[in-house]
Amino acid sequence: MNVRLLVSISGSLLLARLKQTIVAAVGVTFSITMFVTLLSFMSGLNDLLDGLIINRTAHIRLYNEIKPSDLQPVNLSETYRSYHNFVSSVKPKKERLQIYNNGAIMDFLRTDKRISGIAPKITTQVFYNVGAIDLTGVINGIDVEAENRLFLFQDYVTEGNYIDLKNTPSSIILGKGLAEKMLADIGDIIQVTTAKGERMQLKVVGYFQSGLQDIDNAQSYASINTTQKLLGESGTYITDIQIKLKDITLAPDIAKEYQKLFDLEAIDIQTANSQFETGSSVRTLISYSVGITLLIVAGFGIYNILNMMIYEKMDSIAILKATGFSGRDVNRIFIGIALTIGVLGGILGLILGFGLSVAIDQIPFNTAALPTIKTYPINYNPRFYVIGAVFSIVTTYFAGFFPSRKASKIDPVIIIRGK
Amino acid sequence: MDQIILEAKAVSKYFHDPVTVQVLTDINFSINRGDFVSVIGKSGCGKSTLLYILSTMDTDYTGDILIDGESMRNKREVELARVRNEKIGFVFQFHYLLNEFSVLKNVMLPGLKLGKYSEKEVEHRAYEKLKILGIESEALKKPNQVSGGQKQRVAIARALINDPLIIMGDEPTGNLDKKNSEIVFDIFKELADVYNQSLLIVTHDNEFALRTDRIIEMEDGRIL
C-alpha cells in the first residue's frame, strides 16, 4: 500500500512536469542509444579485424623448424658433461620438415577434450611458371573439409567452388593477385616447379582473396594429396598440424605442453599475433569511456531537473511531511522519479540503440581487402544491452540520490512558517 | 469524558541564531478530549512556535510532550511522522493543497499513507468528510479550480481523514474574508460539539477566540 502510494505520488509529480521529464529522459535515451550503438559497432569492427587473423589462423601450430640443435653431441657425453665445451661454427643440420609419426599424434590430439578440431597441412615453396618467367610462391596443401570447418576456407574463395579442390584431381585455387599476374582463368592449366625441380600441371578451380595483399600475390591452395604428389612424397607426409581450441585463452599453455610432449615446435596465436589483441582492447576501452561519459552527462541533467523540481515542490514536500510522510518516504518519492526517468529513457535508448545498429548494419561497406564483408559490421552482443541497462539505472539512481536526500531533510516548519 | 489527550510538561525553547533567545518558558498545560481551545497572543509571543512543538514537527525543545499519554521525546523521525499521520490533523493559514492531485485525492493522501483502510474505504471516508464540509461536489476538481474558502475546507477535510485525536490550526482563518472565516469557525464548532473533536487553534482573531470553549493567552513565551 505504502509503495503503491509513493509510486502514484512520484508519477503525479512526473506528469506535472512532463516537459522536463521528457527532456531528462531524452538525455538518458540519447546516451544509451549512443552507448549501445558505439559498442556494437566498435565491437563488430574489432571482431572483423580479429577475425581476419583469428578465423584463419590456427590457435596452435605444430611444425618442425630448421634450426641448429640446442644440444651438441659433446654435451650428451657423460665424460664431458661437467666441462665447459666450446663448439664453433655450429650449423643447422639437414632435417626434414615432415612431422614424424603424425598419424599417431593426430589420433592423440583428437582425444583431447580442450581441442575443437585439427587440420593437417603441407607448406611448400614453389615456382609458378608463366611462359619464360618463374614467380616464387607458396602452395598450401590442405585437408579441404577440415580447413573449411575450422578456418572458414570457403569465405575467402571469391570465385569458383572450394570443394572442387577436393573433387578435381590435380587442382589449385590461386590467390587473386597471383591469378591476375599469371592471367590464369578458372579452368586453365598452370605449371608449377618445386624447389627440387619436379614439374607438375595443375588445373585452376578458383580464386581466393584473404584481404592481405602479400598472401594473395604469392600463395595458393591445393589438396593434401595433390601436394604430396607434387613433392613426390608418401601419403603420410605433412609439415604442419593446425589446432583449434575451444578456449583460445588456453593456447599458450597448451602450446608449451605439446612442445614438450611431441618434441615439435608449437606456436600459439597470442604469441604470433600479439598486436591484434592490444588494438582490440584499446578500441574497446575508448568506446566504453565515451559511452560512460555520455551517461554521466545525462546523469547531471537528471540531477539538475530533480533539484529544480524539489525547489518548486518545497510546499508539497512540507505538507506531505506535516501530514505524516516520513523523510524516508519523501526520499523514496524522488528516487522513484529519478529511476522512472532512468528506466523509461534506458528502455527507449536500448530500442533505439538496436535500431541504429540495424541501420548501420545495412550501410554498404565494400573493400577489396575484405571480400566477405558487404556492410558495416555490427556485433549484437546482449552484453552491451545489459551493461547499458544497468548503467542507466545506476547513474540515474546516483543523480537522484543527492536531491532526494535534500528533499527528505526539508524541515516543514521553516516552509510553513515562511508563508 | 475528561480524558487528557495532549499534555505539555515544562516545555521551553531557545533560538540560537544569531544570539540565544528564549522563546518559550516553562509551558505547562493539558487538553482533554472534546476541548475546543484557542491560543491567542501578540505576534512573536511564541504561540506558533508552541504549536509546532506540540505537533511534533519541531523537536528542538526541552521538557516533554505527551500525546495520548505517550511521550514524544526520544522518538525517531519515522515514529513522529506516524504520530502526525494518525493522531494529528493540521490546518494552516495557507491551504497547502497539492495541485497535481484532485481535491478528493488530496483528502485521501494521509489516509492512504496510514494504510488502515483499503483504497476504496479511504475514498468513501474522504467523500463523507467532504460532505460534512459541504464541498463534495468539488471532489473531482483540481485545487486551483476551487475558491479560497473551499480550499481551506478541503484542508480541514484532509485534517479529518484519519479521525485524529486533535486538530491543530495555525491561523486557519487568517487568509479568509469575514464570510469564509465564519464558515470555517462554524465547521470547527460543529466538529467540537457534534463529533466531540478536540481542537487547538492558534489565532490572533480575538472575536474567534472568544467563542471557543477555552482561551490560552500567551505573552513573551509564557502562558498568562
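**Note on a predicted two-chain model**

1. B:F15 faces B:V21, a residue of strand 2 of chain B. The model is predicted. The two strands involved are strand 1, residues 4–15, and strand 2 of chain B. They pair in the antiparallel sense, over eight bridges.

2. In general, strands of a sheet pair through backbone hydrogen bonds, in either a parallel or an antiparallel way.

3. Next, the contact between the chains. Chain A gives 21 residues to it and chain B gives 24 residues. On the chain A side, four helices each supply at least two residues: helix 1 (2–16), helix 14 (314–322), helix 15 (327–362) and helix 17 (412–418). Helix 1 of chain A has the largest share, five residues. By class, the side of chain A that touches chain B has ten nonpolar residues, seven polar and four charged.

4. The largest nonpolar core has 108 residues. Which residues have the most contacts inside this core? They are A:I302, A:L306, A:F334, A:A338, B:V107 and B:L199. The largest share of the core comes from helix 2 of chain A (residues 18–54), with ten residues.

5. B:V107 deserves a separate look. Leave aside its neighbours within four places in sequence. B:V107 is then in contact with B:A126, B:K129 and B:L130, and also with B:V154, B:A157, B:R158 and B:I161.

6. Last, A:E145. This residue is found in helix 5 of chain A, residues 144–151. Why is A:E145 classed as partly exposed? Because 14 other C-beta atoms lie within 10 Å, while a buried residue needs 20 or more and an exposed one has 12 or fewer. A:E145 and A:I163 are 18 residues apart in sequence. Their C-alpha atoms are 7.7 Å apart in space.

Note on methods: Residues are numbered from 1 along each chain as its sequence is written. Chains are lettered from A and ligands numbered from 1 in the order in which they are written. This is a predicted model: local features need pLDDT of at least 70, side-chain atom pairs count only at pLDDT 80 or more; totals for chains, interfaces and linings use all residues. Two strands pair if DSSP finds at least two bridges between them. Two residues are in contact if their C-beta atoms, placed from the backbone, lie within 7 Å. Ala, Val, Leu, Ile, Met, Phe, Trp, Tyr, Cys and Pro count as nonpolar, Asp, Glu, Lys and Arg as charged, and the others, Gly among them, as polar. A nonpolar core is a set of buried Ala, Val, Leu, Ile, Met, Phe, Trp, Tyr and Cys residues joined through C-beta atoms within 7 Å.
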